[in-house]
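This report describes one protein chain, moving from a single residue to the overall fold and then to selected local features. Please consult the sequence and the structure shown here while reading.

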Amino acid sequence: MSWNNPNFWTMSTMVFLGYRDLYEDFDTTNLGDLLAGAPSIDILNSISFINAQIHHPNHVKFQEKLFEMFSGYVPKPEFNKAIRFIRDNKARGTYFGIVNNYSSCIIYRWVMENLNEQPEGSIIPAQEYNLFKAYLYANQIWIDRQYIPDFDFDSIDVYIRNILPIALPYNEFAVFKDFRYQYYRASEFFKFCLDDEDFERYLNLFLAENGLTRWEEYINQLISSYIRDLKPPRTTHRLKVTEEGVRTMLDNLAVNNRKILNEPDFLELRSYPIYKLSDDEYIFLNLNFFVDKVFNAIQFQFAQLLVSNNETYRGKLIKNAIQFFGILGQAFPERYLNHVLYSSLSENNDYVIYSEKDLIQRGWVEGTPDFYIRYKTKVFIVELKNVLMSAKVKHSNDFDIIQAHLKEKFVSDKNGKDEGVSQIVNSINSIKDGVMIDIDQFDTASATYYPIIVYTDFNHSLPGVNYNLNQELRQVAEERTEAPHKIKDLVLIHIDDLTHLMDCMRAKKVDFRRTINDYLSYVQSNSKKTRAVYYREGTTSFSYYLKGLEKAKPCFSLDAFIQKIEEILNG
């Protein structure tokens, strides 16, 4: 019996076809039996092609077509069993699935551990069929591992306590990631380099290494390499690259000759999601993981160059990549957020906006928020949290461990230092005490405060995270403020979603404050309802709310992205 995999955002069900659904020998066979003798490159080629087709926000709709593509050599009796499986699940109102990132990684890992040198294209029909069986075997592995809770939720808190531990281990494998924002970040990073004496020196070293004179040339190479290939409906899985700079980046992301680990989060494949076929050709093993690495690869190349050239930062030698990443993490994310907010809100005279640097220069020295935004008497206090959720937390299957992580990173750390929601409440108290009198005069007695946390790890987009941290905010506000009712509920926004929202605002498709208010109203109205069918709406994140917002979708198109990049390249 295949596991019923809940779609955490819709409370619908997606049922994956497993080995036991078609065959009876799962306990007496293994991947080695099924894949032995098959050419390694052909396996990688086939699985990466099938896997690339699910790199789409609506991949659920493609799964039946993928089954047809993948099952060409399946004997008729087993094929008919699979068709009945699909039909029966449709009748029950569930979605059918066969291809997923997790099973593909199981196959990849086996191939990396058992590489052979058989020539590409030498796979035979019997091996093609066994590859199909091996994929179902991989499906069955993770189906059998699943932690299945009691789905009889009698409250929204019980829903979160059960759903969040299930979702986290597979979130990176299930959520579609849009590669376009990586180019925004890369572009802003290069601009940031030009405004810093040390980083400008690093940029010149990077350009010289890649045979370029302007950073715009590097972005243009990336765009020309990927745009033509990485788009639906038939997404490529292989790429030939002529540009030296792009090849260097892809070489740094290649899994070839890397140590293969036996960890449940597939760290080696998340870190190195590409297989290098030749000097100029590459296979994308997992586009979701690759998307995460586009900007990271640029940082990694910077780090390698700086260490090998004995470069310094503020007069101190950069000894290793970790040291450089720490320097960059302190300097760049806030600069990027500054650009995202100012590029849209500063164009609208209805908004007042100050960064932390602006506020400090004007006299607010202690406990300054990362950003202060005001529309009339609506005050948005924004904190940026560039924190990661560890594999230990993600794979704990333990809500208490997850909650402890959220409290440490977003409420107060192990030493009792205020973080996130606590910082925001402190900032609100400072405003009430008059810290803004000489900076931004308005009627503070009539103010309504909107706490906003911008985060960088998309795992914090899962249902229940915002809801959980809002409970923490409300508790801190009750303890520290005299009028907690003046503080709206917390809104967590992923930095890519904020970029999307600001682009839509510039295009006059949406308004910042109205979208925040609409989201809060949507969540609050549903969280008060007692029927389980409303729990998903009552705990949905801003990320998923924004993706479903029809009027924001035109800003998310490929054409809009190309226009945005052209603006960047043209200065």
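## Arg 238 and its surroundings

In this predicted model, a polar contact of 3.1 Å links the side chain of Arg 238 to that of Glu 281. The side chain of Arg 238 also makes a polar contact of 2.5 Å with the side chain of Glu 120. Arg 238 belongs to strand E4, which covers residues 238-240. Its relative accessibility is 18%, under the 20% limit, and Arg 238 therefore counts as buried. Apart from neighbours within four places in sequence, the residues in contact with Arg 238 are Asn 45, Glu 120, Leu 277, Glu 281, Tyr 282, Ile 283 and Phe 284.

## The chain as a whole

The protein chain contains 25 helices and 13 strands. Of its 571 residues, 56% are buried. Among contacts with a separation of 6 or more, 73% are between residues 24 or more positions apart. The accessible surface of the chain is about 24900 Å², and carbon and sulfur atoms account for 47% of that surface.

In soluble globular proteins, nonpolar side chains tend to be buried together. The largest nonpolar core here has 78 residues, and the members that touch the most others are Phe 189, Phe 190, Phe 199, Phe 302, Leu 498, Phe 512 and Ile 516. Helix H14 (residues 287-308) supplies the largest share of this core, with 10 residues. Leaving out neighbours within four places in sequence, Phe 302 contacts Phe 189, Phe 190, Cys 193, Tyr 202, Leu 203, Phe 206 and Phe 324. A second, separate core consists of 57 residues, including Leu 34, Phe 96, Ile 107 and Leu 131.

## Further buried and exposed positions

The table lists the relative accessibility of three further residues.

| Residue | Relative accessibility | Class |
|---|---|---|
| Glu 188 | 5% | buried |
| Val 387 | 17% | buried |
| Asn 310 | 55% | exposed |

Glu 188 is part of helix H9, residues 180-194. With neighbours up to four places away set aside, Glu 188 is in contact with Phe 332, Tyr 336 and His 339.

Val 387 occupies the loop between strand E11 (378-385) and helix H17 (391-394). Beyond residues up to four places away in sequence, Val 387 touches Lys 409, Phe 410, Thr 456, Asp 457 and His 460. The C-alpha atom of Val 387 is separated by 9.9 Å from that of Gly 329, a residue 58 residues apart from it along the chain.

Asn 310 is located in the loop between H14 and strand E7 (312-313). Because its relative accessibility of 55% is over 50%, Asn 310 is classed as exposed.

## Backbone angles and cavities

Most residues other than glycine have a negative phi. Asn 310, by contrast, has a positive phi, near 55 degrees. Arg 314 likewise has a positive phi, near 55 degrees, and lies in the loop between E7 and strand E8 (316-317).

Which residues line the second largest cavity? Its lining is formed by Leu 168, Pro 169, Glu 172, Phe 173, Asp 265, Arg 270, Lys 394 and His 395. The volume of this second largest cavity is about 30 Å³, and a search of the whole structure finds 2 cavities of 30 Å³ or more.

Terms used
Residues are numbered from 1 along each chain as its sequence is written. This is a predicted model: local features need pLDDT of at least 70, side-chain atom pairs count only at pLDDT 80 or more; totals for chains, interfaces and linings use all residues. Side-chain values use heavy atoms; hydrogens and water are left out. Helices (H or I, at least four residues) and strands (E, at least two) are DSSP runs, numbered from the N terminus. Buried means under 20% relative accessible area, exposed over 50%, partly exposed in between (1.4 Å probe, protein chains only). A polar contact is a pair of N or O atoms within 3.5 Å; within protein, one must be able to donate a hydrogen and the other to accept it, and residues adjacent in sequence count only if both atoms are side-chain atoms. Contact means heavy atoms within 4.5 Å. A nonpolar core is a set of buried Ala, Val, Leu, Ile, Met, Phe, Trp, Tyr and Cys residues joined through side-chain atoms within 4.5 Å. Accessible areas come from the Shrake-Rupley method with a 1.4 Å probe; for residues, only the protein chains shown count as cover. On a 1 Å grid over the protein atoms alone, a cavity is a set of points where a 1.4 Å probe fits but cannot get out, and a pocket is an open set with protein on both sides within 12 Å along at least five of seven lines; lining residues have an atom within 4 Å of a point. Grid points are joined across faces, edges and corners, and a volume is the space filled by probe spheres set on the points.
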